[in-house]
Amino acid sequence: MRLAERAKNISPSPTLAIDSQAKKMIADGIKVINFGAGEPDFDTPGHINQAAIKAINSGMTRYTPVAGIEPLRRAIADKLARDNGLRYDPGQIVVSAGAKHSLYNAFQVLCQEGDQVILPAPYWVSYLEQIKLAGAEPVIIRTRLENGFKMTPDELEEVITPQARAIVLNSPSNPTGAVYTREELEALGEVLLKHRIAIISDEIYEKLIYDGGRHTSIASLSPEIKEQTVVINGVSKSYAMTGWRIGYAAAPAHVAKAMADLQSHSTSNPTSIAQAASLEALQGDQKPVAAMVAEFAKRRDYMVERLNAMPGINCNRPGGAFYVFPEIKQLLGKSYRGTAINNASDLARVLLAEVHVAIVPGVAFGDDTCFRLSYATSMENIKEGMDRIERVINELA
Ligand SMILES: *Cc1c(COP(=O)(O)O)cnc(C)c1O
């Protein structure tokens, strides 16, 4: 049976591949320290679970409106007003099967053949594939560790062509944890407004910010920028709800309508009971979020300190999300017991095989001089994992 060109060009998610390889070793009885996780290691708070159980028992088990139940869309609109200073009508909110699905819908309705979409690297890998699936061409901006992995207005201006149709912003970032300040977003926003470039702003890590930092949604900077922006968010990361599959987009009315129309022919509505749980997540007790953030902050500090103490490893102290993204340029060309380390993929293979530590090489995010470690795992695991990595690094020759 022939596959369509579209299907042949899809690369499977490399982050999920490494995660599943590590999980397989664990299933085989090997004590793997897994730094590959792309999800919080906490359980969904009990009051949220209870809301879903209540929804099941009260018969909320049928189709819902395509873009989500009215109370949830209203709660999302309230959240955007309260947390982000954004005013949206519930009709401008589309709830989908995860933020990844919201992003997919956005690229599908905004981009087409001949368009370019600007993508700052290191990037979350699904952006690249989703841009290509929409027929558009990704245009990569390489950001640098010295800049905190943030693009500057000049770097942005440099890649803009008349075909540039949209840009992806992801602050706080996966994989780098970088958080753009309000001032930095204002400077970028000015360039984007001038060239009338649509902004797809993925704010899924909004709540996971450390050191008293603040999240700014670029859409909140001016009514003009808001008209040019699709805000993407969801409950997965903030409320430890990755398996529930609820994300959402807030957009100008005609864009929201197109996204809902598209969704009406693919997944219809997001799961009814997960919508009930998400409503409780947004409206209920927010203390579990703060507790999770406090724990993540401790782990991040410990990890960054340990990594920077290892020779040849250079690691930023990221402002958000739950990843660190250390660079290993000084180690490239060395070898471990005869195995050459020419990039982060080589290091990842050595770490998994020799000391049973799973990391995600930067090649997955467009930069294989770095690797990603998730600190969504226990402090005990982090300590053990850092010891193991250190043993390998110290033996490189
Ligand atoms: C996890 C993640 C998402 C997707 O979240 P879901 O709502 O679970 O689909 C989107 N963007 C980034 C950058 C992520 O890391």
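How many aromatic pairs does a search of the whole structure find? Some notes on the rings follow.

1. A word on the source: this is a predicted model, where local features need pLDDT of at least 70, side-chain atom pairs count only at pLDDT 80 or more, and totals for chains, interfaces and linings use all residues. Residues are numbered from 1 along each chain as its sequence is written, and side-chain values use heavy atoms, with hydrogens and water left out.

2. The search of the whole structure turns up ten aromatic pairs. Rings of Phe, Tyr and Trp (its six-membered ring) pair if their centres lie within 6.5 Å; planes under 30 degrees apart count as stacked, over 60 as edge-to-face and the rest as tilted.

3. Take Phe322 and Tyr323: the ring centres sit 4.8 Å apart with the planes at 50°, so this pair is tilted. Both residues are buried (under 20% relative accessible area; exposed is over 50%, partly exposed in between, with a 1.4 Å probe and protein chains only).

4. Phe325 and Phe365 make an edge-to-face pair, 6.0 Å centre to centre and 75° between the planes. Phe325 is in the loop between strand 9 (323-324) and strand 10 (334-336), and Phe365 in the loop between strand 13 (360-361) and strand 14 (371-374), so the pair ties together parts 40 residues apart in sequence. Strands here are DSSP runs (E, at least two residues), numbered from the N terminus. Phe325 is buried at 2% relative accessible area, and Phe365 is buried at 0%.

5. Back to Phe322 and Tyr323: they belong to one aromatic cluster with Phe42, Tyr205, Tyr210, Phe296 and Tyr375.

Definitions and conventions: Helix = DSSP H or I, 4+ residues; strand = E, 2+ residues; numbered from the N terminus.
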